[in-house]
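Thank you all for making time for this. I would like to walk you through one model, helix by helix and contact by contact, so please keep the picture in view while I talk.

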Amino acid sequence: MNKQLQIIIFLSWIISLVSTLGSLFFSEVMEYPPCELCWYQRIAMYPLVFIFLVAAYRKMNDVFYYAFPLVLTGWVIALDHNLLHYEVIPESAAPCREDVSCSTVYIELFGFITIPMMSFFAFSLLATLSIYLY
C-alpha cells in the first residue's frame, strides 16, 4: 500500500472518530436527546471507526468495499435529515416519534451549522476520501 492511501485511511479514521466522540458528547454531556434519524446516522458512523482503524493497522487495500456502503447510507440519511431540518421536507414525513423531534435545533453556528449539518459534512468528507480508496 502506498503512503497516500495510508494517509487517506488515517484521515478517514480521524473523521469517523471525531464524529463518534462528538455525537456522544452532544448526547451524554450536553444531554441533547438524539432523534431517530440521528440514531440511524450513528449506526452508520460508529463501525467506521473500527473499520478504518483495522484497515490502517493491517494496510488493507480493499477497505473501500467495507466502508463505502456505511458511508453512503449515512450520507443519504444525513441529507434527508438536513432537508427535514431546513423544512424542505415537511415534518409530517419524518420517522421521528413524538418525544424527540427530528427538526429541533440544538446548535446553530454561523447561522447554518447544525448537528445534522455536521453529520452531513462528516459523511461527505468520508465519501470523498473513500472514492480515492477505490
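This is a predicted model: local features need pLDDT of at least 70, side-chain atom pairs count only at pLDDT 80 or more; totals for chains, interfaces and linings use all residues.

**Aromatic pairs, helices and cores**

Let me begin with Phe-64, which at 13% relative accessibility counts as buried, where buried means under 20% relative accessible area, exposed means over 50%, and partly exposed is in between, with a 1.4 Å probe and protein chains only. Residues are numbered from 1 along each chain as its sequence is written, and side-chain values use heavy atoms, with hydrogens and water left out.

Phe-64 and Phe-68 both lie in helix α3, four residues apart, which is about one turn of the helix; helices here are DSSP runs of H or I with at least four residues, numbered from the N terminus. In general, an α-helix has 3.6 residues a turn, so residues three or four places apart point the same way. The ring centres of Phe-64 and Phe-68 are 4.8 Å apart with planes at 20 degrees, so this pair is stacked. For the criteria, rings of Phe, Tyr and Trp (the six-membered ring in the last case) pair if their centres lie within 6.5 Å, and planes under 30 degrees apart count as stacked, over 60 as edge-to-face and the rest as tilted.

The structure holds nine aromatic pairs. One of them joins Phe-10 and Trp-13, a tilted pair at 5.8 Å centre to centre with 35 degrees between the planes. These two residues are three apart in helix α1, and therefore separated by about one helical turn; Phe-10 is partly exposed, at 45% relative accessible area. Elsewhere, ring pairs link Phe-25, Phe-26, Tyr-32 and Tyr-106 into a cluster.

Turning to the helices themselves, how many residues does α1 have, and what span should they give? There are 27 residues, which at 1.5 Å a residue should span 39 Å, and the end C-alpha atoms are 37 Å apart, in agreement; the expected span is 1.5 Å times one less than the number of residues. At the N-terminal end, Asn-2 caps α1, with a side-chain oxygen 3.2 Å from the backbone nitrogen of Gln-4. The buried residues of α1, among them Ile-8, Trp-13 and Phe-26, pack against α2, α3 and α4. After α1 comes Glu-31, with a positive phi near 60 degrees; Glu-31 sits in the loop between α1 and α2 and is exposed, at 62% relative accessible area.

For α2, the 23 residues should span 33 Å at 1.5 Å a residue, and the end C-alpha atoms are 34 Å apart, which agrees. Its buried residues, including Gln-41, Arg-42 and Leu-48, pack against α1, α3 and α4. Just after α2, Lys-59 has a positive phi of about 55 degrees.

Now the core, defined as a set of buried Ala, Val, Leu, Ile, Met, Phe, Trp, Tyr and Cys residues joined through side-chain atoms within 4.5 Å. Among the 25 residues of the largest nonpolar core, those touching the most other members are Leu-48, Phe-52, Val-63, Leu-126 and Leu-133. Two or more residues are contributed by each of α1 (3–29), α2 (36–58), α3 (63–85) and α4 (115–133), and the largest share, eight residues, comes from α4. A second, separate core of eight residues includes Cys-38, Ile-77, Leu-84 and Val-100.

Finally, which residues surround His-81? Leaving aside neighbours within four places in sequence, His-81 is in contact (heavy atoms within 4.5 Å) with Cys-35, Leu-37, Cys-38, Gln-41, Cys-102 and Pro-116. His-81 lies in helix α3 and is buried, with a relative accessible area of 1%. Its side chain makes a polar contact with the side chain of Gln-41 at 2.9 Å, a polar contact being a pair of N or O atoms within 3.5 Å in which, within protein, one must be able to donate a hydrogen and the other to accept it, and residues adjacent in sequence count only if both atoms are side-chain atoms.

As for the cysteines, the structure holds zero disulfides, taken as pairs of cysteine sulfur atoms within 2.5 Å. Cys-35 is in no disulfide, and the nearest cysteine sulfur, that of Cys-38, is 3.4 Å away.
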